[in-house]
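These are my notebook entries on one structure, written down in the order in which I looked things up.

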Amino acid sequence: MVNLCHLQSHSHLLFCFTFTGLAQKLLAYQLLTMREKIVFFLNHERVEIHGAEAFMPLSTWLRERKAMTGTKVVCSEGDCGACTVILGWLNREKKLEYRIIDSCIQFLFQLDCCHVITVEGLTRNGNLHPAQQAMVECFGSQCGYCTPGFVMALAHLQEEAQGITAAAIREKLTGNLCRCTGYEAIVKAGLTLNEKPATRFLAGFDRKAMEAEFGLLSQQSVKISGAGEQLFFKPQNLGEALKLRQAIPQLKIIAGGTDLGVQHNKGRSPLVQAMFIAHLHEIGDIKEVNGGLEIGAVTNWTDVLRVAEKKLPALHEILSIFAAAQIRNAATIGGNIINASPIADSLPCLFVLGARLVLASTAGEREVDINHFYTGYKKFDMQRDELLTKIILPLPAQDSLFRLYKVSKRRYLDISTATLGINLRVSGGKISEAHAAAGGVAATVLRLRSAEKFLTGQNFSAEVLTEAGRIAAAEIQPLSDVRGSADYRKSLIRNLFSKFYSETTTMERVG
Ligand SMILES: Cc1cc2nc3c(=O)[nH]c(=O)nc-3n(C[C@H](O)[C@H](O)[C@H](O)COP(=O)(O)OP(=O)(O)OC[C@H]3O[C@@H](n4cnc5c(N)ncnc54)[C@H](O)[C@@H]3O)c2cc1C
Ligand code: FES
Ligand code: FES
């Protein structure tokens, strides 16, 4: 039994423990020996952060504490990209991997052992970066508020791509909004990067030195005590994370922080006591096992998307319109599942493929079929001392017809009005198994049991799918809200069954 009391002393939290058991003694020792600061690089500057500052969003800290106002803030919720920065973090091989993220929903405590590059870090010897120069030459800016965000995304695109296409630019800039200029000029600026000398701006940073230091620092756990109740942990490995979870269950688990960051910024649920887990490589990998995928819970959507392109094209299609690059680079599959939104885009796929969730605690692991995981709106079968560590995802069978749908008001960077997943096994023209699940139509994603029952054993035909759509529409009771009325949602689900038939009869079967 752990008896843990927090005492306030000289603005530091001290812990006193009454422990039985070796594991708890070890944890007590670890807590006392944890590093009490965050270390990262901001452009060329090495930064150490202690105390309450670690709980600030990166964009706020840049602007208010560093007077680096090149990074703009408009929405504070990951929707506009004005705050885009490039973030390098250590991969499994202890090399820095760079991606764009929204700095308004990244907290400083997430940045330990990272390299942050802001728009101020792009210039070299007073010369503009080609992406900045291109925006000037192509008139890609008017009020200029969005411009640093676009520049960061374009600079990253130039760094990673050879032969930049208009399609690649549009895809890269999905998370950047501009109210004034019109996107044509910005896309044109992106295309002119093909004619400019490829400035590998990353080459201007001493990555080897950063990697060497981060490699050592990443072997330490971090504990930060901020103002008042503020408390943060970055465990060094999964075992330690589970011990902390058991000892201090009120710690909010933070992975990508894309859901929690918005909640914090909007004042709905300030992040006061948190444990960061997105750096835990033990639960951040995708493996192929027994013909299916095992996806670590902290795998981000960009990495899932890459694997899905070959292994699960239907999911790849959905993930291509999931938020935007800045969000997908940070957001994790585990966060999407535990956030438990009935319109979470990954869920219909996981439901109809029969994904199993692996939940771990210091007592061991257990598996739960995702179809039995959710018990009500934002309610699910996870104990206070558990973490979601892995998603076991069977791939569709050879004779499966498998499609996923997301309907939203805007194609990109929008919340779903309704989602649907259908997975039918068809042999000899007959449906032998039917799995269908819809989101945005109830308090949780819903298995469409009546439609499934009707479909099983039927011939695969337009009439049968139309009737299944009618049955599915009758078994859901959606709400009306700003994204659509209840009737509209019913029509959507009904019509998507017909769409499924027409699409699957004109495409190859999923292998
Ligand atoms: C601009 C924007 C656009 C978005 N677009 C989409 C979209 O198109 N489709 C969509 O489905 N979602 C979307 N989201 C929501 C969000 O990005 C996803 O839900 C994302 O997958 C959450 O992952 P995360 O790692 O950021 O979660 P976090 O914010 O870190 O955590 C979310 C919740 O999960 C818990 N948690 C996280 N990991 C674990 C774990 N391993 N074990 C136990 N608990 C855990 C946290 O405590 C928290 O309660 C969007 C968000 C933003 C800000
Ligand atoms: S300020 Fe809009 S995404 Fe960060
Ligand atoms: S130039 Fe004004 S918002 Fe883009």
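How many bridges join strand 5 to strand 7? I looked this up and found four bridges between strand 5 and strand 7 (residues 114–117), which run antiparallel. I note that helices (H or I, at least four residues) and strands (E, at least two) are DSSP runs, numbered from the N terminus, and that two strands pair if DSSP finds at least two bridges between them.

Before going on, I wrote down that this is a predicted model, in which local features need pLDDT of at least 70 and side-chain atom pairs count only at pLDDT 80 or more, while totals for chains, interfaces and linings use all residues. Residues are numbered from 1 along each chain as its sequence is written, and chains are lettered from A and ligands numbered from 1 in the order in which they are written.

**Entry on strand 5**

I then looked at the other partner and found that seven bridges join strand 5 to strand 6 (residues 96–102), again in the antiparallel sense. Trp89 stands opposite Glu97 in strand 6, and Trp89 also stands opposite Cys114 in strand 7. Five residues lie between the strands in the hairpin of strand 5 and strand 6, where Lys94 takes a positive phi near 65°.

Is strand 5 enclosed or open? Seven of the seven residues of strand 5 (residues 84–90) are buried, so this strand is largely enclosed by the rest of the structure. I use buried for 20 or more other C-beta atoms within 10 Å of a residue's own, exposed for 12 or fewer, and partly exposed for anything in between, with C-beta atoms placed from the backbone. Thr84, Ile86, Gly88 and Leu90 point one way from strand 5, whereas Val85, Leu87 and Trp89 point the other way.

**Entry on helix 10**

In helix 10 (residues 301–311) I found Trp301, Val304 and Ala308 buried. They cover an arc of only 55° around the axis, which puts them on the same side of helix 10; the arc is that of the directions from the helix axis to the C-beta atoms. The buried residues of helix 10 pack against strand 12, strand 13, helix 11, helix 12 and helix 13, where contact means that the C-beta atoms of two residues, placed from the backbone, lie within 7 Å.

**Entry on ligand 1**

I found 30 residues around ligand 1, and the closest are Gly78, Gly256, Thr258, Gly335 and Asn336; a residue counts as near if its C-beta atom, placed from the backbone, lies within 6 Å of the molecule. Helix 13 gives the most to this shell, with five residues. The shell draws at least three residues from each of domain 1 (3–38 + 219–276) and domain 3 (281–393), and these bounds come from an automatic or database domain assignment.

I next followed an open sheet of four strands, which has the order 19-20-21-22 with antiparallel pairing. Its edge strands are strand 19 (400–408) and strand 22 (446–447), each of which pairs on one side only. Strand 21 (residues 430–439) and strand 22 pair over two bridges, and Ala437 stands opposite Arg447 in strand 22.

**Entry on Gln458**

Last, I looked up Gln458, which lies in the loop between helix 15 (449–455) and helix 16 (462–475). Gln458 is partly exposed, because 18 other C-beta atoms lie within 10 Å. Leaving aside residues up to four places away in sequence, Gln458 touches Ile431 and Val464.
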